[in-house]
Amino acid sequence: MNSASSTPVIAVTMGHGAGGAPADPVGALLDEATTSRCRPVVIGDAARLRKAAGILGADAEVVAVDSVDGAVFAPGRINVIDLGLLPADLPWGAVSPVAGDAAYHYVRVASELATSGAAQAICTAPLNKEALHAAGHIFPGHTELLAHLTGTEEVSMMLATPAMKVIHVTTHIGLVDAVAAIEPGLVERTVRRGDRTLRDSGVESPRIGVCGINPHAGENGLFGYGEEDDKIVPALEVLRADGIDAQGPLPADTAFFLATRGEYDLIVAMYHDQGHGPVKVLGIETGVNITVGLPVIRTSVDHGTAFDIAGTGKASADSMVEAIRQATDLCA
């Protein structure tokens, strides 16, 4: 049992109720290592979680509570702030505007709990962007939604695995738009957010590798139109003058390899797939998404809504277990 008031409350969102997301909190919150280090409370739909538990064959007591204060923490018990937004006959494995709207409100309530101090961190199960948009909530994903809900002007996405950590200068925009959006100020602010996050987590002097944009980081002007010199080098000069160990621009095809050898504590990717591809090859099951720059701690699983295995009992909670662990560590 874990009822110690000294352990952090983690607000866990249920995600897209028609996908594999409900299985994430069920599996993770029955993990004794998870519940020994924090007090997790799900924001979601109690009936849907009971169905997910039944499909998984999990011995779970899913209990609806009105608030964090009403939660009782005991082995096998899952406390849920039940918003009751999903119909009982919602099919598994399909994009649902109803589930998209519900997923938005799970995040909204979790954000309110965290900003009010009722929860010390947020951990999110995956939502579906198409369903979110179909419900009228036009955000590219969790990162931008949480920035909006907390009134934060600019945030960064960091992906963390046991092998390495990656922070992104741009994320959910097209590649042509990403290159246009990259400029020295954005690069500098992104690196600073990454450096601060690592220092806060106990890394005294983070070693940061910054990727280029073009193949071979432009190879002295051979590839591209001088983007590295115009968009990245000026930021690195300012950062190094301030004592931040930011090296680059580095060829992306070797930067990630060097990070896995321990030469860098953090890699800075210029665009979405430059960072996501290597991380997911290294191990999507234990990958965690951390939103850097919010006034609250937020981590997430690093996988999608898994429509192909929704309602089958095949979903793994490993990424959610790791995401809650990292949220708890960041609270410390």
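This is a predicted model: local features need pLDDT of at least 70, side-chain atom pairs count only at pLDDT 80 or more; totals for chains, interfaces and linings use all residues.
Okay, let's start with helix H3, which covers residues 46-56. Which of its residues are buried? They are Ala-46, Arg-48, Leu-49, Ala-52 and Ala-53. Now look down the axis of H3: those buried residues fall within an arc of 160°, so they line one face of the helix. And what covers them? The cover includes helix H1 (23-29), along with strands E2 (39-44), E3 (61-65) and E4 (77-82).

Have a look at the two ends as well. At the start of H3, Asp-45 has a side-chain oxygen within 3.2 Å of the backbone nitrogen of Ala-47. Just after the helix comes Gly-57, and its phi is positive, about 70°.

Next, hop over to H1, where we find Ala-28. Is Ala-28 buried or exposed? It's buried, because its relative accessible area is 0%, and the cut-off for buried is under 20%. Setting aside neighbours within four places in sequence, Ala-28 is in contact with Thr-34, Ala-317, Met-320, Val-321 and Ile-324.

Last stop: Thr-150, in helix H6 (residues 142-150). With a relative accessible area of 17%, Thr-150 counts as buried too. Its side chain reaches the backbone oxygen of Leu-146 at 2.7 Å. Leaving out neighbours within four places in sequence again, Thr-150 is in contact with Ser-111, Thr-115, Leu-294 and Pro-295.

That's my tour, thanks!

How values were computed:
Residues are numbered from 1 along each chain as its sequence is written. Side-chain values use heavy atoms; hydrogens and water are left out. Buried means under 20% relative accessible area, exposed over 50%, partly exposed in between (1.4 Å probe, protein chains only). Helices (H or I, at least four residues) and strands (E, at least two) are DSSP runs, numbered from the N terminus. The arc is that of the directions from the helix axis to the C-beta atoms. Contact means heavy atoms within 4.5 Å. A polar contact is a pair of N or O atoms within 3.5 Å; within protein, one must be able to donate a hydrogen and the other to accept it, and residues adjacent in sequence count only if both atoms are side-chain atoms.
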